[in-house]
Amino acid sequence: MDTKELKTFLALCDTLNYQKAAEKLCYAPSTLNKHVQVLEHELGTRLFAKVGRQIEITPEGAEFRPHAEKILSDYYRAIESLSSTAQMEDSVLIGGCEMTVSNGLVGMFSAFSEKHPEVRIRMKTSANAQVPAMVRAGETELGVYYSAGWTRLPGLQEQRLFREPVRLMTAAGSPLSSRKNIKYEALSGVNFAFPHDDCPAVRGTMNSLIERGVRPGQVNYLGAVPLVIYKVRQGDTVIAVQYSSTERFSALYGLTTLDLDEDDLWLCARLIYRSYNALKPACKALLRHGALYAREKTERDPEHFRTCENDA
């Protein structure tokens, strides 16, 4: 078996649809079918079964899935280890919202930079919803994109990272900061501040309030994270952030996470790009690094970081 067959198998596990998997991998559906046949012949078992016009993974396929993920992860680790000895004097232009590229995923980019100091990382920030358009237009080589589910992005390929929950934060010492088991109803009249109104964390939070008939106080969209932080630190305002940003927001800005007694809102994080074959070596190395970073996150902290197949 080789990486093409393993990637095909995992893509079909995610989509349970040959056409969607083919679009994701930029192969013809017939090519994917050949990959599956080769893999099934080598393993001596059926991995997928056809049910009407759909396919479903067999018990044997479900059993093989974690092995396939580990084999592919080990392959990436090997390539990454060898690439550290090669010189990639290049740059990577990454697009994303300020909340994620400059806060939530700082650890991922910092670790990559330490491993590849010869690669210059450049960031271009925008509203999360604008990132796919930036990548399609060639304004950035890679994009960091968050969504409420694994929605397909036409014309783009992706490296899925993980799912993580949304957290509400406020200034330490504010009236809400010391309360326990807070319900959404307690947020009636509370002020909110966000960088943009089209972030899935923002939309999900506001929709949750609306569904429960909760009317917040003043809601400000300030366009930049520093302005939002300044507003929140005044002590009467709440912000919604991805879990990966909470540690940084706590350490740097003195914010605290609300003890919210409600079901979590989960967001899906991914790296997006136009064509893997057209990417520079440095971009490909960053994609491999992202896959390993995500795997380590989900293994070390499964409560807050979930793998792609756990999409509900």
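Y243 is partly exposed, as its relative accessible area is 22%. In this predicted model, Y243 belongs to helix α10 (residues 243-253). Eight aromatic pairs are counted in the structure. In one of them, the ring centres of Y243 and F305 are 5.7 Å apart and the planes meet at 70°, so the pair is edge-to-face.

A contact of another kind involves Y276: the charged end of K7 sits over its ring, 5.5 Å from the centre.

Strand β9 (residues 237-242) is mostly covered, with six of its six residues buried. In a regular strand, side chains alternate between the two faces of the sheet. In β9, T237, I239 and V241 point one way, while V238, A240 and Q242 point the other way. Residues of both sets are buried.

Two strands pair with β9. Strand β6 runs antiparallel to β9 and is joined to it by five bridges; M169 stands opposite I239. Strand β7 (residues 191-194) pairs with β9 in the parallel sense over two bridges, and here N191 stands opposite T237.

Strand β6 (residues 157-171) also contains R163, which counts as buried at 5% relative accessibility. The C-alpha atoms of R163 and H304 are separated by 8.0 Å, although the two residues are 141 residues apart along the chain.

Methods. Residues are numbered from 1 along each chain as its sequence is written. This is a predicted model: local features need pLDDT of at least 70, side-chain atom pairs count only at pLDDT 80 or more; totals for chains, interfaces and linings use all residues. Side-chain values use heavy atoms; hydrogens and water are left out. Helices (H or I, at least four residues) and strands (E, at least two) are DSSP runs, numbered from the N terminus. Buried means under 20% relative accessible area, exposed over 50%, partly exposed in between (1.4 Å probe, protein chains only). Two strands pair if DSSP finds at least two bridges between them. Rings of Phe, Tyr and Trp (its six-membered ring) pair if their centres lie within 6.5 Å; planes under 30 degrees apart count as stacked, over 60 as edge-to-face and the rest as tilted. A charge sits over a ring if NZ of Lys or CZ of Arg is within 6 Å of the ring centre and within 35 degrees of the ring normal.
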